[in-house]
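Subject: Structure handover

Hello,

Here is the structure for you to look over. My notes follow below it.

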Amino acid sequence: MGGNKIMAAQTILIAEDDPDIRDGVRILLAGEGYHILEAENGTRALEIFNPEVDLVILDIMMPGMSGLRVCEELRKVSTVPILFLTAKSQESDKLLGLTAGGDDYLPKPFSFAELSARVKALLRRYCVYQGKGQVAAQPENLKFISNGVQLALDCNRVWVEEREVDLTETEYKILRMLMQNPERIFSVEMIYETVWGEPYYYTSNGTVMVHIRNLRTKIEADPQNPKRVCTVWGKGYRFVNEEQV
């Protein structure tokens, strides 16, 4: 919607079947000024989700519809940031969540300080790069164009060969960083620490790889043979300014 918008309390949807965890998260985040919606299962989460939701916190292991399924359904209609909570901390479970379209992952048990930090980081990136809750600002003058891709610098909008594609805010931030520095090689460590805003660990490699793979499926004609976001073996990734034959 155009025009000025008064900043309201940000809305967070929590989907968690454990009432104790759900209550704890609600109390913490409500105490920090967020408006909270609660769902005890995945089906209910999809029922109450609406465009005003700024962040979704999903438990992966819920009876009936899993958090992964909920995430997949949400990604059909929204790029809202999604934070997974799960009792499983194996890297394979993390990658499943990210492949489904999640933006971050927090294994149980977690500290409320850590949860709060993750929530704030996701919301900050969403507001800055999605433009939600912000005053609209010269969208036509803030585009970066290269190699058949147009990227709006003030909001999460991307066009490939004149066709708009839907990116998650994490995919958008990766692409923006690469496109604004064409031909520069970014290491996985640099991408992770810039986009996720957290210290890099070796296990972060998989997280970056999944998001690069998802990004390629959306902006490359042949994701298996990328011509835009290219791998520089042993060094990282770069955005190719023009298609190279």
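One cut-off first: axes that cross at 65 to 115 degrees count as roughly perpendicular. Please keep in mind that this is a predicted model.

**Helices 7 and 8**

The axes of helix 7 and helix 8 come within 10 Å. They cross at roughly 80°. That angle falls in the 65 to 115 degree range, so helix 7 and helix 8 are roughly perpendicular to each other. On the helix 7 side, the contact uses Val-188, Ile-191 and Tyr-192. Helix 8 answers with Ser-204, Asn-205, Thr-207 and Val-208. By class, these residues split into 4 nonpolar and 3 polar, with no charged ones.

**Helix 6 against helix 8**

Helix 8 covers residues 204-219 and also meets helix 6. Their axes come within 10 Å and cross at roughly 85°. Helix 6 is therefore roughly perpendicular to helix 8. Helix 6 brings Thr-170, Glu-171, Ile-174 and Leu-175 to this contact. Helix 8 brings His-211, Ile-212, Asn-214, Leu-215, Lys-218 and Ile-219. The contact has 5 nonpolar, 3 polar and 2 charged residues.

**Helix 6 against helix 7**

Helix 7 covers residues 188-195. It packs on helix 6 at an angle of about 125°, with the axes 10 Å apart. Helix 6 is therefore oblique to helix 7. The crossing is right-handed. From helix 6, Thr-170, Lys-173, Ile-174 and Met-177 take part. They meet Ile-191, Thr-194 and Val-195 of helix 7. This contact counts 4 nonpolar, 2 polar and 1 charged residues.

Some residues turn up in two of these contacts. Thr-170 and Ile-174 of helix 6 touch helix 8, and Thr-170 and Ile-174 also touch helix 7. Ile-191 of helix 7 meets helix 6, and Ile-191 meets helix 8 as well.

**How enclosed is helix 6?**

Helix 6 runs over residues 169-179. Of its 11 residues, 11 are buried, so the helix is largely enclosed by the rest of the structure. The buried set includes charged side chains, among them Glu-169, Glu-171, Lys-173 and Arg-176. Tyr-172, Leu-175, Leu-178 and Met-179 are also in the buried set.

**His-211**

His-211 lies in helix 8. Its relative accessibility is 2%, so His-211 counts as buried. Leaving aside residues up to four places away in sequence, His-211 touches Leu-98, Gly-102, Asp-103, Thr-170, Glu-171, Ile-174 and Trp-196.

**Aromatic pairs**

The structure holds 2 aromatic pairs. Phe-110 and Phe-112 form a tilted pair, 6.5 Å centre to centre with 55° between the planes. Phe-110 counts as buried because its relative accessibility is 17%. Phe-112 counts as partly exposed because its value is 41%. Tyr-192 and Trp-196 form a stacked pair, 5.0 Å centre to centre with 15° between the planes. Both Tyr-192 and Trp-196 are buried.

**Pro-51**

Is Pro-51 buried or exposed? Pro-51 is exposed, with a relative accessible area of 68%. Pro-51 lies in the loop between helix 2 (42-48) and strand 3 (53-59). The C-alpha atoms of Pro-51 and Val-80 are separated by 8.7 Å. Along the chain, Pro-51 and Val-80 are 29 residues apart.

Best wishes

Definitions and conventions
Residues are numbered from 1 along each chain as its sequence is written. This is a predicted model: local features need pLDDT of at least 70, side-chain atom pairs count only at pLDDT 80 or more; totals for chains, interfaces and linings use all residues. Side-chain values use heavy atoms; hydrogens and water are left out. Rings of Phe, Tyr and Trp (its six-membered ring) pair if their centres lie within 6.5 Å; planes under 30 degrees apart count as stacked, over 60 as edge-to-face and the rest as tilted. Buried means under 20% relative accessible area, exposed over 50%, partly exposed in between (1.4 Å probe, protein chains only). Helices (H or I, at least four residues) and strands (E, at least two) are DSSP runs, numbered from the N terminus. Axes are lines fitted to C-alpha atoms, for helices over the stretch in contact, and angles run from 0 to 180 degrees between N-to-C directions. Angles under 35 degrees count as roughly parallel, over 145 as roughly antiparallel, 65 to 115 as roughly perpendicular and the rest as oblique. Contact means heavy atoms within 4.5 Å. A crossing is left-handed if the near helix is turned anticlockwise from the far one by less than a right angle, and right-handed if clockwise.
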